[in-house]
Structures are given as C-alpha cells and as structure tokens.
Amino acid sequence: MRKLMRILFCPALLFISSSVFSQNTTISGVVIGDDDNEPMRNVTVTVKGTKTATKTNEVGYYSIIAQKGQILQFTYVDFARQEIVVGGSDAKINIRLVQAQKQLGEVVVTAYGIKKSKRELAYVAQEVKGEDIAQTQRDNWLNALTGRVAGVTITPTAGSPGASTSIVLRGAVSIGNSNSPLFVVDGVPYDNQTMNGENLASAGGVVFNNRNSDYGNRAMDLNSEDIESVTILKGPEATALYGSDGASGAVVVVTKKGKSGKAIMRYSNSFRTEKLYMFPEIQTTYGRGAVGVYDANATVNPFAIGSIYGYFGPKYPANTKLYDNIKNFFQTGFSQRHALDVDGGNDISTYRFSGSYFKQKGVVPNDGYEKLTFGLTGTAKISTKFNISTGITYSNSTTDKSSRGAGGYLLNLLNFPSDIDITDYQNPNGTRKLYRTTSTTLGAEFDNPLWDVNKNRGQDKTDRLATTVTLNVNPFKWLNFTNIVGLDVYSQTGDFVFNPNSRLAFSSNGVYSVYEQNTKNFNNVFRGTIKKNIGKFSNTLIGGFTNFDNTTQIEAQKGERFFEQNFKSLNNTDPLTLFAKTTKIRTRKVRFFANYNLSFDNLLYASFAGSHEGTSTFLSDVVEKDPFYSYGSAGLSFVFGDLKVFDKLKWFSYGKARISYGTTGKGPTNPYIIDPQFGQATTTGGGYAFGVTGSNLRLGPETTKNLEYGAELKFFKNRLSLDFTFYQLKSNKQIISNRASYGTGAILQYFNGGEVENKGLEATLIANVIKNKKVNWDVTVNFDRNRGKVISLPLGLSTYYDADTWVFGNVRSQVFPGSSIGALAATPLGRNTAGQLLINPTSGLPTVNGASDFIPVGDRQSKYKIGLINSVSYKNFSFSFNLDFRKGGDVFNGNEYYLYVSGLSNRTLDRETPIVVTGVLNNGLQNTTNPTNNTITVNPYYRADYYAAGNTSEADFIETVDWVRLRDATLSYAFPKSLLKRQRVISSASVFVTGTDLFIITNYTGADPSVNANTAFSRGYGGSGIDYGSVSTPRGLNFGFKLQF
Amino acid sequence: MKKFSFITIITALVLLVAVSGCKKYLDINRDEDTPQNPDASSVFPAMLGAIPRGLQFDARFASKYVQNWVASTNLTATFDAMSYAGGSDNNGDIWRQCYFGLGKNLDYIIENGTTKGQWDYVGAAQVLKGMMFQYATDYHGEIIFKEAFLPDKAFFKYDDQETVYAGVDSLLRLGIKNLSRTDNEVSTTRLIKGDYVYDGNNAKWIKFAWGLMARIAHRITNKATYNADSVIAFCNRSLTITADDFLVPFDAAKNDDANFFGTFRNNLTAYRQSNFIVSLLDGTTFTGVAPTPATAFNRDPRMRHLLTCSEDTANGNGGFRGVSPSVGDPNVLLTGTYAVGSANWLNARKRVPVPWADSTYVNPSSSVFNPSYRHYLFADKVVMPVMTASEIQFIKAEAALRKGDPTMAHAAYLNGINLHFDFINRGTMPRSNAVLFYGNSISAAERTAYLASANVKNSPATLTLTDIMLQKYIALWGWGFFETFVDMRRYHWTDVDPITTLQVYKNFTLPVLAAENFGKPVYRVRPRFNSEYVWNRDELLRIGALNGDYHTYECWFSKP
C-alpha cells in the first residue's frame, strides 16, 4: 500500500537526489486512481520548486515541461502526494495515485455516530484500534488504553479479577460529581455504571461501602475481540453535542461488522499465568510486643480501626523460624480465553457472529472472574435507499471476590505474625485455629487471611443483553436519515457472606447480604443529514433528536445471626434481623441537536453545533422548573499544508491548524434531588425523615466552557507526524453536595457553585522509523499534561472532601479554593509561626494538629504522562510494546502508614537509637523570638507513643511518584502463506506471546502506586492515589494462537 | 431550495410537537421507593425515634458533668474533668438532633400539615421544635435560630439565648394553640397514627408543652425578671400523673431501634455510678449518717432499682459503691481469677458493676438481645423519658419556695418524690416496653417508711432548696441529664443557699478540672465540631467559641 515510502526520513537524502541538470523535456502521462483504475481528473501536477503546474484532463492525461532531475509532484485531495524524479529519457510517466485514507482522509466517528473526516475536525479525536486492545489480553479492556491515548488516565481499583477501572479524560472537571466519560457503542450510550455499595442493606459491624467491596465497571462486559475501534472524544464540539452525558468526554466504541465476501471464521485463544511481584515490605526483626517487652497478644488500635497486632516487642530470638507469609498467601493465577468469530456476506447483507469465553483464577485464593459473551451483528441493504444494521450482544460474567480495604485480607496479611505459618489456619477437624489464646471471644481473634478468603466470600453475577438497530434512509443523494435504537438490559446479582466465626461477624453471629440490580437503558437517536455543495463550498447540516430512558433498581437484603454456621442463605438468618432496601434510579433525557459544517475548497472547515437539552432530574412536583437548557460550540479547521506555499517544502507533507470553543450544560446526575428527599427511618416506629443530603429546589444547570486549539503536522511523506493540543476547561455552577453547617437542615447540602479550571497540553508523535519490505517500525509517543485547579467552592465554602476516600488515618481527597483538584489533605504536625516543629514538653514528641486543620499535603495530578508504543515487524514476526511513563503525582502510601503504626514498617527499625526530635518546645515561648529548642531524648523502643498516630503525620507517607512500567508487550509470528498453502482449511495462522505489567521502575516505596482506595463509582477525583488495602497488579504472561479459516 | 424549505418547515413542526411533549416525557423525577411528599403521619414517628438519639448520645458526656455517671478509669476522664474533646463530634448530638434529626423535618410537618388541616400534627411538631431549640440553647448558649434552614445559605448567624428562649416560647404557644384546635380536617390522618408516645392524645401534648414552658420560664431563677407565679401556673397545666409522662419506647428488634443504653448497643461499659448518687440514695447525704447495717432504714428503696451492687455486699449499704470523677474504680483492672480470700479476690469483689446488672463487670450480651440483663433505664427494650410529672412537681416546688410559699413547695416536693416512686412502679409501659423496677416494685410500706425517714422533710418549715434539688436530682438520674445540667449551672454548681448557708447541691464536689478550664467549671458545650468548627468558623470567632475555654463561659440564663 505504502509502497512509495521507501526513502528514509532523513531530509538530506531528498536533497541529494534532486541534483540539477538543465535539459528540458516534455513529460506526459495518465493518472489513474489505484482503487478503481479510473482515470483521475483535476490532479495537480507541479514541477517541484517552480511555478510550472498543470492539471489532468477528463481522461486523466497531463503534459508538462520539466528538466531532468526535477521532481514532479502529483497532488489530489485525499490522495497521497506522489513525487517522481524526472529521468533523462523519460517522456511518459504514468502514475497511480493511492487514496490516502490512512494518512489524510482518515474518518473518525464522532457524536451520535456521525462520521467525519479527520481533516475537518476542529478538535482532537484519537483512535485506538480494536486489535491493539485485544492484543493486550486484559480482562478489563479499559486497562489496555493506558498510554495509548494522550490525556487519558486509567486507574484500576486493584489487581484482582473483576476489579473496576476508572477512566478520566483530560482532568476531573467536577469537584463532587462523576468524572467518568460517556461510553457509546455503535451510536448508543453503553452503561458503564459501578454499583454504589451504599445501596446495599448495611449490616451491623459489617459495612458494604465503596472502599470494602468492588462491583466492577460495566463497560468491562464488552468483548474486546468485538471492538473495531475506540475513539476518545475530549474536545468542545464532541462534548457539546453529547451534552450533559459528554461533559467529561466520550469513549466511542465501534464494533466489528461482517464484511462481504466469503465467510471467514477466526479462532483465537490465550492462556495466561499471572503472579504478583509488587509487595509492601515488612520488617522481620522485631516481634510482637509493646515497649520492648514480648507479648504475643500485644495490640495497637490506630484510628480505632479495630485492634491489630503491635510489633513493638524485642527482636525475634535468633533461632526463630520466620515465614514469608505474604508470598505464601498468594498463588499463581491462571486464565484462559477463547474467542471465535465468523463473518461473511454479500453485496446486500453481511453478518458477524462472535463468541468468547474467559475464565480467570486470580492470585488471591478463591478469587476469580468468568465471562461468556455472544455477539451477532448484521447489515442489510434493503434497497438502494434503505439499509439496516442490527447488533445483539450478550454477556454473562461472574466475579468471585474477597473483601478489600479495612478489614480485608490484605491488611490482615500485612499484619500477620511472621513467626506463625499462615498456611496453618485450620485444626485437623476443620475448625479454625486460634492464635490469641487468651481471647475470650472470637471477636478478639484476628482472622487469618487464608481463613478470611475461604470463609468470607462475595460473588457478583451479571447477565447483560445489549441490542442496537440502525436504520439508514437515503431518499436523495443529498439527504440521509438515520435512526438508531438501543436497548441495554442487564441484571447484576451478588452476595457477601461473613462467617459467624470471623472477626467482623462474630458479634452479629454471621452476616449475609444479597442484592439484585436491574438496569434498563433505552435510547433512540434520530438524525437527518443534508449535504449540498455550492461551488467550492460544501455544506453539511445535521439535525436530530435523541431521548434516553434509564432505569436502575436495586433490591438489597441482609440478615444476621446464622443458624447453620457455613450455610449462605437469608433463610439461615434470624428473621428479626432481616432488613431490606429498595433503590430505584430513573432518569430521562431529551436532546435536540444541530450541527452545521461548512467547508471551503477542502481547505477550511467551519463547524457550528448546538443542543437544547431537557433533563428529568430538574423537574419538581413542588415548584415549576424548566428542564431545558442550551449550549453550543463552534470550531475552525484549516488545512494550511495544502496551500501552495508549502508545496516547496518537500519535507512538509501535511499541516492543519484547529481551534474550537464550546459550552456544555449539565443537569444533576442524581435524580430526586430537587424535591425533598426522605429516607426510611430505622428507629422505633419507622417512618420517613430527611436524608443526610439536603435537596435544593433552586438548582440550575452547571456549565463547562471548553477552549481547544492545536495543530496536526506531518513530515517526510507522512512518516513523521505531530499532533498537539492546548486546552482550557472551566466548569462552574457545579451541582455538588457539600458539607456545611447543620444550619442548612442537612449534613450535606446540594448547592450550585464552585468553579474548576483544567488546563493542559496533549501531544502525539507518530514516526514510521523504518519502512522496507522486511522491516517496519512504528513509534507512537503520547504525551499529556493537565493541571486542574479548584477556583472556588459553592457559596464561598472553605473546602470539600469525599468521605469515601477517608480510608485510613487522616488523609482524604479534599479540595480547597486554589488547590489542585487532585489534592490530598491531612492534619499535619503542629508547627510554630516560624515553621518549626512543636514538641510536647512532657513527651518530647511532636503532635498532630487538631482535626479542624486539614490542609493540602499532596497533589495526585501527575506532572506529565507519556505513553510510548513501539511496534516492529520483521518478516513474519511482529513485536510491540507499550511503555507507560509518569512523572510526579502524589500517592498516599496508606499500607506503609498502617505498617508504621503497628511496628512493621522498615522505618521503625531504628527504634533502638535514642533520638531528639528537632523542634521547639510547645511551652508558651514557641512563637516568641526565642523559642526553647527541644533537648528531650526519647528512646522509641521503650515508648508506646513514639510510633503512635497522634505523633505522626500522614504527610510523611505521601510520596511523589515517578514510574516507568511496561504495560504490555506482544511478540507474534504469522505462519507464512507458503506453509499454509498445503492445506485449504486454514487461511492464516499466528502464534503470540503477550506479557502484561512485566516490570515497573519506580521510586515508590510501596507495592503498586496505581491503585484506587475506592471503586470506579468514585465521585470527584475519587480514591486514586490512595494505596490502602488493595492488591497490586500482577505480572501476566499469555500464550496463544490465532487461526483464520 | 424549494425542497430545502419544505424540509425546514417539516423539521420545525416536528420539533415543536416534540418539545411540548417532551416535558411530559421528562416528568418522572419522583422517587418511586421513598415518597418525597409523605404525610405528616409518616414523618412523625421518625421524629419521636430521633429524640433519644441526640439525648442519649450526648448523655455520655453530660452525665459526667453532672456526675450521674463517671468514667470507670481515670484514662477516659476528659468529661469527668468538665472538659471537652476537641476536633470531635462528641457532645455534638443535641446539635445534630436540633438541626438535622428533627430540625427541618418538623418544618416539613408544619407546612404540610397546615395545607392539609392536620392541626394536631402541626401543633405537636411546633412543640417538638420548641423543645429541640430549648435543649440546644440550654446546652450550647448562642445557637443558630433565626437563620436556621434558610435556603441557599452555607453560613449562619448565631442568636443570643434571650432571642432563642423567646422564640421557643412562641413556638410552644403556637403549638398549644394548634393542638387545642378542634377543626382538624376530618378526611386527613390524625395524630394517633404516628404518635406512639401519647397515642394521639392532644391533651397530653398540651400538658407536655406547658411543661416545656415551665422549664424555660424557670431557667432564669437568678434574674430579677424571674416570675415564680408563671412557673407555677405552667406547672399546674402540665403533667400531673405518670400516665402523662413523655416516654419514648424502644422496640429492640435490631440495632437502630434498640435503647442506646442497653446491652445490645453496648455504650455504657465504661460508665459507673458516681459516689454522689450512691450517697444520695444510701442516706449519707440527706441524713448525714454513714451507712451501716444498723442504719439500713435510711436507705432509699429506690436504690436497688436505679443502681447496681457489687459482689461484695458487706459495705454497710448492701454493696452499692460509686466512683469519683477522674479517679475511676481503683479495682477496675482486677479482672483475673484470684485465690479465694486473697487480697485481690477481696478487692475484685468490690469492683463497681456496669449499669446493667448487679455483680456484673463486663457487658454480658453485646450485640445480642438478652432481656435478662436490665436495670432501670439501662436495657434494650425500655423507655427513654423526656419529661415526667415528677420533674414538673420539683420545678413547682422550687418556684413556690422561691416565691415564699413553703406549704405549696412542700406539697409539690412530696408529690415529686411520690411520682418518682410511681414512675419506677409503673406496671405497663408504652409499646409493651419492660417495666423499670428491678425484681418487685417498691411496696407501699417501703415507700411510707422512706417518706417518714430522715431523708425526707416532713414539714414545710424545714424544707430547703437542697431537699428539692437533690430529690429532683434523684428523680432525673439516668435520663434527665440535661435538665440537671441546667439546674446545677443555675446554682453555679456550688452555690450556697443563703437560708441554710449550706451548698444547695450538698456534698457535691467539683472534680479536679482539666487544664483548659483555667479553674472554671463547665458552663456550656461547644457547638458540634463537624458542623460549626469546620464549616461556620467565622461566626464561632465572633462569639468566642474558638477559645479553648469557651466551654467555661457562663450562659445568659444563669446570669443575674
């Protein structure tokens, strides 16, 4: 295809080859389109570096005078430019021009499935091919996007099977609302909810919130083998059309369709082993005890999280047998994937069937994930003016999980004594082995993590059916109507059992919780497109409307006090403890949209878009409210590279400048927050009372103003391209529920207010480094940098924090006016006005400031991120890898802090060295010009308070993290056709090896800095960058083969 | 072009029809699981259920200020020492209850009930609203009153106590007026549906409201404007018999509807009866005679119902022991098994028991409903009193004595004591809650003997403020923490009765005060931390609440 690109991109070569001779010849020939073999009219033929130019006639013929050694350029819109050096004896040069689809006229799918050529886009729209995603063999395909698109931040909750992954485009624009982009599959929104743990029926001491359990993000239901392409839309126009749904951007997925021709069947598989390699470190020098005295039952209880072992005893005696319990706990995970698809068809109809099966056994005993998908798509041309395409996908998945975060197995594992063998957790008769011999109740017996993952289990099952029907009518050449109907229905059921003998459920004698979530999303998009060319002006007007109806209902029940100890059922619980809860979330939206595109001479493109949207979540039964609001955008794209002036620059092949500006409106995401919102009272007599979050009759839409400008430049015959974008987003009048004085009548109150600004730069560099018959080497570099800042909070409030992220110690996701949107706040150690540490004159130790003094201590936003993707092919081998660089960005090493306060951190190893904490005594003189320097020597070994939470600042456990990680690498080998010719069944075959997360080079002292303390349900900036109780991402190695029949 | 305009017209028409239909399509923003416009009768029970939450949560702290209970060890003695927990919501639950638990809900009942003509609900809600603001201002001094619940506000101005009491007064009067109305809309649900305290008995609600009026009118005994006649008049219209008592019952089917003071919820493990209450009930304080087996006739028969006794009962008063603030039980750590007769064995038997049962030192049934562990108001399924007829009689007695009518005072004083005996003896409780007496009820003979003993003044001439206030202290012990807190602040803890020249709260000693008190006892409680100290700081700065000793600032009501 790109057969002409033989010359390396060293410009010198080009100049050498154009040595000058003065000998005029007339050259003539015919230009033929490579795709249809038809003569091409109006192709510009230029003698490079001169003003001599002509155009081909109706039959593609041209004639021009040039000198030997000069270069003839053949250019035509959307076709690759060709250059031929005039030889001495040439009189006739016939040319085949190749359509430059892949380089210039690339088509991308934008809002509502509207296809636009990349030339005309006034914003950046980066695309990832389905095969690149599938190749990474990820169980959650979102994880494959890391590094592949500039400006995308992917954070998995944990490295366990079925874990949710959150995705944020550019930066968090919302302080307290969801920043997840809209997912669109084949033109209709695809639900990517993560179930909110708060909708479950809570049960005594066992809490099911978003830090203790993960319910997956539903976009992972897609079969990655079905994905044709993924386009990430971040720009103003894209989001202005999608309105409130697209205010945080959109991830537009196009699935594979059948291709006409002979039926082709493909089968591929992958077998994977995975192993953890990133662990928090624990010290194995000092054993259990307190103030240097051995005590097997010594405990600490930092932040009242519940007692855990304290390791402030003496050194382990020399002959103590120590176990590597952390490594012994985890196992090697194994998974297999099988994918099959058949497609075929003729000129009138095509079809594609696909099926896939995935089964994963995780690195944590008993954790697993299983997924089965079926897909069927078909297209049919009913007449020349009417065609239809349909798609049905079914997926069924099961996640087996254990609890995470506080009380979960990982933290228990970290705290587990090294001098006890973790695998020895059962007595011969199958009962639980007790370690804390003096414990009078099992409530004081700490769960062996292996006991925990065997007895305290959770499971989620999802059945999902998504269908789309697309009708296309073309009554006239200039007119098109399209209607897309989508119905996406799924049910997710799950349970969690806490065994009566486990620590958390001992007092309640067992806890069993179940839920069922049923979701139904209906969507219809109708659009009309009018295209009309008037002279050099071409006009496209698109108008239409869309409506959504989303219903999610969650039925949750719980029971306590088991009759049979090991039986999981609500019937096995005391009827008096049964509790049920219903949550129904219903929203509707209507949007009218119009988009007018004007282009001049395929050079200058202008685009105007407007939407008028109505959101059900604004309507009230109490006051009259208008659910409608409007927003719009304008963009300009200028392909300046096609101007004649640039023809002289041989090395310059393409240039486009673009600018766009848009606004986006957004209604409340949550329903029922306008009218009074009541909750069920569980006190005596029941009834209803206002919920903790106060509704607000006066809420209005929030708006985001979005400006973006940038350019796309290509050099050396498109072999090097650079695309860069600057953007600025301002989101104001945010609808957030902020804490405030209880004088509001609520604990949190919905307000309209606050402003967030995001500024950034994104750049993508693509180079085709080597291109010849044997070797091809492509390099893609994605760079992004985003600074998100909170300008103000509603009504001048001083701060906003997300209680869900307050998982350990006094660290939480909390913003202040002027702070980063990704700020972490904590209570620091007390200091005097000169900034010196204040020392308690009695204890000789510093003390933490009061809880009212949360201040920003970290910023989780990275300075920049780089994704480096290389793909090299040599003969039948191809090799690709994706390196992910991150510079900066703070991470709270909560695991380390947890280890520190329990005496297991390596930071506590110097405990026998007496020290004097540098600082001044808090004795009344601290803020005078002559404060008293601290001279009190403390010996941490003999002090119960030295490593205690009250004398330690969380800020010391916040690390600024850089990393380089090899996200994935694939080596594959395609069997040569010559080999396959001997038989007729298999038309192509390849084998591959893919490694995921093979290594990380980082300055982070904990296990994995890329984890989230919450789930993808998180609002605002969420729990990413808070490393507490989540298992790291394992290293995976996949083998498999692909066959085509 | 012709085609184009045709399309335009069609499109415009379609849009027009669509937009008008759209609003109807969108009109689904109402919660189908939980009503967003419930009837007053559905909100009302949740309000009654919310009352104990605030009072009992904060009782953990106020009870220590007034020495109903003290901490079992000196390690947790912050509140014993009349201090506060900075950076914590401890002691902020009356605040939460005033603005959130009941708060805006009551306004909803008032508005909704008014439109439907449910005057009984409107009146009862007004009374409860008055009650909540009364509790909040008694407790915190300056509070948000006028600006409470105003929309689109995040910061709120505080009002002084005079303003709040005046506001409470009008709320109560409005409530009484509405409860007295007989023109309730007949088609609507009546108060009996949601009211499980008084079963929709308007007359009792009115009595309760007058009781609250009596409370606030009686707050200002130190002021020249104090009017004993009004207080007496209000008392006369208030609760008169135990059937009038405002008692909130618990169902005790699960955590949230069980008594906060019961074993299931396990909040009293670290609380011990104080020496002050023990010596009030064993006769020491009233008679001035130390208890011995020989003076057992001085023991109050109520003691065994209210308090719990140790294993070792040979201390002269049947084994009832108390703990002093900031000291704790000296034997609390003797939890092991000791050789019979050894010193540790002897001392271990002297440990002061938990409030749930005699000779019991740890919670016997945390998270398990076990009706056998109960003592007085400390059980899973008993009532939480808010106001009793006995309390009203003591208010009346004090007002009458101050007015100079010892005869009326004495009669009320005796009524108060008798009504407390009745309260303990009450055989049936709302919502089938457990009775309060331990074992058998107090016999008539026991009562007569007590009334005739040296503990009780049997002539108006000898009646003193001390007798009234200490008997009131007993009657309110274990539930009326906040009223007792008001009373003791009115007497500045250790004020001397000019007539007897003795301390009114005889034998009450201030604890060793915390350093941050600067030698002053507690006079108010800091506003809720996570409401005000985090989110309304400017206003706190204005009233001085950011000062470390703000809790020692005397409130307006007790000043002359």
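Helices α13(B) and α14(B) run roughly antiparallel to each other, since their packing angle is about 160° and anything over 145 counts that way. This is a predicted model, so keep that in mind as you look around.

**α14(B) and α13(B)**

- Helix α13 covers residues 389-403 of chain B, helix α14 covers residues 406-425 of chain B, and their axes sit 7 Å apart.
- The crossing of α13(B) past α14(B) is left-handed.
- On the α13(B) side, the contact uses Ala389(B), Ser390(B), Gln393(B), Phe394(B), Lys396(B), Ala397(B), Ala400(B) and Leu401(B).
- α14(B) brings a list that includes Pro406(B), Met408(B), Ala409(B), Ala412(B), Tyr413(B), Ile417(B) and His420(B).
- Sorted by class, the residues of this contact come out as twelve nonpolar, five polar and one charged.

**α14(B) and α16(B)**

- Helix α16 spans residues 465-476 of chain B, and its axis comes within 10 Å of that of α14(B), crossing at roughly 15°.
- That angle is under 35 degrees, so α14(B) and α16(B) are roughly parallel to each other.
- Here, too, you'll find a left-handed crossing.
- Tyr413(B), Ile417(B) and His420(B) do the touching for α14(B), and they meet Asp467(B), Ile468(B), Gln471(B), Ile474(B) and Ala475(B) of α16(B).
- By class, that contact has five nonpolar residues, two polar ones and one charged.

**α14(B) and α15(B)**

- Helix α15 takes in residues 444-452 of chain B; its axis and that of α14(B) come within 12 Å and cross at roughly 155°.
- With that angle, α14(B) is roughly antiparallel to α15(B).
- The crossing of α14(B) past α15(B) is right-handed.
- Leu414(B), Ile417(B), Asn418(B), Phe421(B), Asp422(B) and Asn425(B) of α14(B) make the contact with Arg447(B), Tyr450(B) and Leu451(B) of α15(B).

**Where chain B meets chain A**

- On chain B, 66 residues are in contact with 74 residues of chain A.
- The two chains bury about 6000 Å² between them, and 62% of that is on carbon and sulfur atoms.
- Tyr25(B), Asn29(B) and Trp535(B) supply 14% of the area that chain B buries against chain A, which is more than any other three residues.
- Five salt bridges are counted between chain B and chain A.
- Glu32(B) and Lys584(A) join their side chains in a salt bridge, at 2.8 Å from N to O.

**Salt bridges beyond the interface**

- Side chains of opposite charge can pair when their charged atoms come close.
- Over all chains, the count comes to 78 salt bridges.
- In chain A, the side chains of Arg148(A) and Asp968(A) meet in a salt bridge at 3.2 Å, N to O.
- Arg148(A) lies in the loop between α2 (130-135) and β11 (152-156) of chain A, while Asp968(A) is in strand β55 (residues 963-974) of chain A, so this pair ties together parts that are 820 residues apart in sequence.

Terms used: Residues numbered from 1 in each chain as written. Chains lettered and ligands numbered in written order. Predicted model: local features only at pLDDT ≥ 70, side-chain atom pairs only at ≥ 80, totals over all residues. Heavy atoms only, no water. Axes fitted to C-alpha atoms, helices over the stretch in contact; angles between N-to-C directions. Helix = DSSP H or I, 4+ residues; strand = E, 2+ residues; numbered from the N terminus. Parallel < 35°, antiparallel > 145°, perpendicular 65-115°, else oblique. Left-handed = near helix turned anticlockwise from the far one by under 90°. Contact = heavy atoms within 4.5 Å. Nonpolar A, V, L, I, M, F, W, Y, C, P; charged D, E, K, R; others polar. Buried area = accessible area lost by both parts, 1.4 Å probe. Salt bridge = Lys/Arg side-chain N within 4 Å of Asp/Glu carboxyl O.
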